[in-house]
Amino acid sequence: MITALLIWLFKKYAMPALNRHRNTGILKFIIPTKNAAALILMLVITKPLFAQPAQEQITKYNVLHSGKVVGHMDLYQKRTGDDVYLKMISAVKMRFIFSIRVDCNEESFFQNGKLVSSHVQRKVNGKEKANRITKCAGDGYQTIAEGKSGKVDQKEISNNLMLLYCHEPADNMEVYSDNFQRFLKVKQTGDHIYRIDLPDGNYNYYSYTNGICSKVDIHHSLYTIQIQLA
């Protein structure tokens, strides 16, 4: 329908103007005001019709420790064509010998399936404990961890840990950790269940329902918590 309208407008206004001024000098090639206005109006009207609308989604999770809800996590997704923006915000409060509050803020931006930049910020009891950036630079990636610069010799990063919340991975695939700033291997341990061993000796299990991450079991040397769909 839109294509037919464009063709009709072009034939009605543009072609007659082009034919009338085909043999004139470039300074005399002026489309009549009525026809020019019609062409401009056509472009203004049709531009939003062809633009791909952004798709936004928020997925909410509960954080549990010993069966009790101790925090919440929100995953915000914005998809515009082949571009993907992810933002994950979590707040967890637990009590061991004393009360501990952990606030995390993570962001990732992918363009045409390639990671362009990511940022991880973590605070414990209000004090910053992690501030890490990964950004595309030339044929690789530049990293910054608490002010110290580094690099990742990888031409393209197409998957990171944040994306594991959006779709189920494949066995033995490697995903980029924006926190550790290195690649980690995914190992399938059961039906729709995958394990990732972390460089600090801890490990996580990711479980999926209908292709979406429904639970993450985080096994730390000091505690075990679960992140479950709310």
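Okay, let's start with one term: a residue is called buried when its relative accessible area is under 20%. Keep that in mind, and also keep in mind that what we're looking at is a predicted model.

So, aromatic rings. If you search the whole structure, you find seven aromatic pairs. Let me take you through a couple of them.

Here's the one I'd like to begin with: Tyr165 and Tyr206. Their ring centres are 6.1 Å apart, the planes sit at 80° to each other, and the pair is edge-to-face. Where are these two in the chain? Tyr165 is in the loop between strand S8 (148-152) and strand S9 (174-177), while Tyr206 belongs to strand S12 (residues 203-209), so this pair ties together parts that are 41 residues apart in sequence. And are they buried or exposed? Both Tyr165 and Tyr206 are buried.

Tyr61 joins Tyr165 and Tyr206 in a cluster linked by ring pairs.

Now on to another pair, Tyr194 and Tyr208. What makes this one edge-to-face? The planes are at 80°, and the cut-off for edge-to-face is over 60, so the pair qualifies, with the centres 5.8 Å apart. Tyr194 is in strand S11 (residues 193-197) and Tyr208 is in S12, 14 residues apart, so once again distant parts of the chain get linked. As for accessibility, Tyr194 comes out at 4%, which means it counts as buried. Tyr208 has 6% and counts as buried too.

Let's stay with S11 for a minute. Which of its residues are on the covered face? Those are Tyr194 and Ile196, and the uncovered face has Ile193, Arg195 and Asp197. Arg195 has a ring to look at as well: it lies over the face of Tyr203, 4.0 Å from the ring centre.

And what does S11 pair with? On one hand there's strand S10 (residues 182-190), running antiparallel to S11 and joined to it by four bridges. Opposite Ile193 of S11 you'll find Gly190. The S10 and S11 hairpin has two residues between the strands, and His192 there takes a positive phi near 60°.

On the other hand there's S12, also antiparallel to S11, with five bridges. Asp197 has Tyr203 as its bridge partner in S12. In this hairpin there are five residues between the strands, and Gly201 is the one with a positive phi, near 95°.

Note on methods: Residues are numbered from 1 along each chain as its sequence is written. This is a predicted model: local features need pLDDT of at least 70, side-chain atom pairs count only at pLDDT 80 or more; totals for chains, interfaces and linings use all residues. Side-chain values use heavy atoms; hydrogens and water are left out. Rings of Phe, Tyr and Trp (its six-membered ring) pair if their centres lie within 6.5 Å; planes under 30 degrees apart count as stacked, over 60 as edge-to-face and the rest as tilted. Buried means under 20% relative accessible area, exposed over 50%, partly exposed in between (1.4 Å probe, protein chains only). A charge sits over a ring if NZ of Lys or CZ of Arg is within 6 Å of the ring centre and within 35 degrees of the ring normal. Two strands pair if DSSP finds at least two bridges between them.
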